[in-house]
Amino acid sequence: MAEIVAIHAASHTPVMLNFPDAIAASEREEIFAGFRAMGAAIAAARPQALIVLSDDHVHNFFLNNLPALCIGAAPQYPTPVEHWLKAEKRILPGDAALGAYLLSRLMESDFDPALSMELTLDHGVLAPLELAGVARDIPLVPILINCVQPPLPTMRRCHAFGVALGRALRTYPALERVAILATGGISHDLATPRMGMVNEAFDREFLRLLEAGDAAGVVKYSTEHVHEAGNGAEEIRMWLAAMGAADGAHFHRHYYRAVPNWYTGIGIGEWKA
Amino acid sequence: MSNWLQNMPTAEAYGLNKVLFELHHKPDDLAAYLGDKEAYLDRFALTGRARAAIRDNDVAALYLAGANPYLLRAHCIGMKIPEPVSVGALKALAGKN
């Protein structure tokens, strides 16, 4: 049976790769150091597969067919899908068998994830892996939650999905060590009149509730206040799923900084038993 | 206060978003568009204002017509619209709605 040996969460933005110099060098290095530390912790946990909870930013899915939840079950994932992203084109390894297992087990748990056997991953998966320095090494299972086009799955549902995901992972017979990276948020807003807004108060309260381990409180706060934190803040769904998968493990905030010139509140943390 | 201008895209927004999506995902579309915008846009069912907003890189009008924020953001970067122009056009709408 697999053990979940590491559960991390971090923000992502294409700006990290496309316009890193939009912020001061000292600030940038501090953030990049936070991502490298996360990558070192993931590598030190020696996972045989990495679940990446993220979202598809309308690249693989369009308004003709938009899954609320999708689990990848492919042996490899080309990236990046964005022709404008400043990132080397490469193919990341996938763990198709684990993806297939999770699809079956989550269906049995009364969730209805879409399956995909072909995804070209975007910055939402690539940017945090790249900055963490673990973009090539560990076979991935991408799990994509719709945070980009309403109607969106509820915060409550995403937390419950994470609980079921954690249970399913722990029953997986073919591997001994798996890790989870949840990525997105925290507050930010894109392509609306509020673009550039970072709601530091929202971010700090969200992180405080995670540290308090109050799942019902995090779900309630997220549901009631996400509209104060911008359309990009809808991505806290991935953090809620990770919290569910962590099964009561304690959340440690490793880093937070409001970074308006990257349009994002950058948070990094992990759940540890 | 809502994060979303449209909780469900209108038919007009669907057509507009389809252009923004295909331009940046189909291999030959961006070159075709840049070569002859009018001919490219003829392929789609668009309202007059959606068509004009796309053709004129009118970021504010694209937003108001229901462009998905991620498609609009990617379009701004993909079309190399300078950040002060795209972000400025959006911010100028604040308080008008």
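1. P151(A) sits in the loop that runs between β7 and α5 of chain A; helices (H or I, at least four residues) and strands (E, at least two) are DSSP runs, numbered from the N terminus. The peptide bond joining P150(A) and P151(A) is cis, with omega about 0 degrees. The model is a predicted one, in which local features need pLDDT of at least 70 and side-chain atom pairs count only at pLDDT 80 or more, while totals for chains, interfaces and linings use all residues. Residues are numbered from 1 along each chain as its sequence is written, and chains are lettered from A and ligands numbered from 1 in the order in which they are written.

2. L152(A) is found in the loop between β7 (140–145) and α5 of chain A. L152(A) counts as buried because it has 20 C-beta neighbours inside 10 Å; the term buried requires 20 or more other C-beta atoms within 10 Å of a residue's own, exposed means 12 or fewer, and partly exposed lies in between, with C-beta atoms placed from the backbone. Neighbours within four places in sequence aside, L152(A) is in contact with N146(A), C147(A) and E234(A). Contact here means that the C-beta atoms of two residues, placed from the backbone, lie within 7 Å.

3. I186(A) is in the loop between β8 and α6 (200–212) of chain A, and A191(A) lies in the loop between β8 and α6 of chain A. A191(A) is not a glycine, yet has a positive phi of about 55 degrees. A191(A) is buried, with 24 other C-beta atoms within 10 Å.

4. Y263(A), in the loop between β9 and β10 of chain A, is not a glycine and has a positive phi of about 65 degrees. Y263(A) is buried, with 24 other C-beta atoms within 10 Å. As background for these points, most residues other than glycine have a negative phi, and most peptide bonds are trans.

5. Chain A has an open sheet of eight strands in the order β6-β3-β7-β2-β8-β1-β10-β9, with mixed pairing. Two strands pair if DSSP finds at least two bridges between them. β6 (114–116) and β9 (250–259) of chain A are the edge strands, each pairing on one side only. From one strand to the next the twist averages 15 degrees. Helix α2 (residues 25–44) of chain A packs on the sheet and touches β1, β8 (177–183), β9 and β10 of chain A; its direction makes about 170 degrees with that of β1(A). Axes are lines fitted to C-alpha atoms, for helices over the stretch in contact, and angles run from 0 to 180 degrees between N-to-C directions.

6. Strand β3 (residues 69–72) of chain A is covered on both faces: L69(A) and I71(A) on one side, and C70(A) and G72(A) on the other, are all buried. β3(A) runs antiparallel to β7(A), joined by three bridges, and I71(A) stands opposite I143(A) in β7(A). With β6(A), β3(A) pairs in the parallel sense over three bridges, and C70(A) stands opposite A114(A) in β6(A).

7. The largest nonpolar core has 124 residues, and those with the most contacts inside it are L53(A), I180(A), A241(A), A242(A) and L16(B). Helix α8 (residues 236–245) of chain A gives the largest share of this core, eight residues. A nonpolar core is a set of buried Ala, Val, Leu, Ile, Met, Phe, Trp, Tyr and Cys residues joined through C-beta atoms within 7 Å. Neighbours within four places in sequence aside, the contacts of A241(A) include L53(A), I145(A) and H159(A). H159(A) is in helix α5 (residues 155–170) of chain A and is buried, with 22 other C-beta atoms within 10 Å.

8. In chain B, helix α4 (residues 48–55) has A50(B), R51(B), A53(B) and I54(B) buried. Seen down the axis of α4(B), its buried residues fall within an arc of 165 degrees, so they line one face of the helix; the arc is that of the directions from the helix axis to the C-beta atoms. These buried residues pack against α1 (11–23), α3 (37–41) and α5 (59–64) of chain B. Just after α4(B), N57(B) has a positive phi of about 50 degrees.

9. The contact between the chains takes 27 residues from chain B and 24 residues from chain A. On the side of chain B that touches chain A, the largest share, eight residues, comes from α6(B). The predictor gives the complex an ipTM of 0.96 and a pTM of 0.97.
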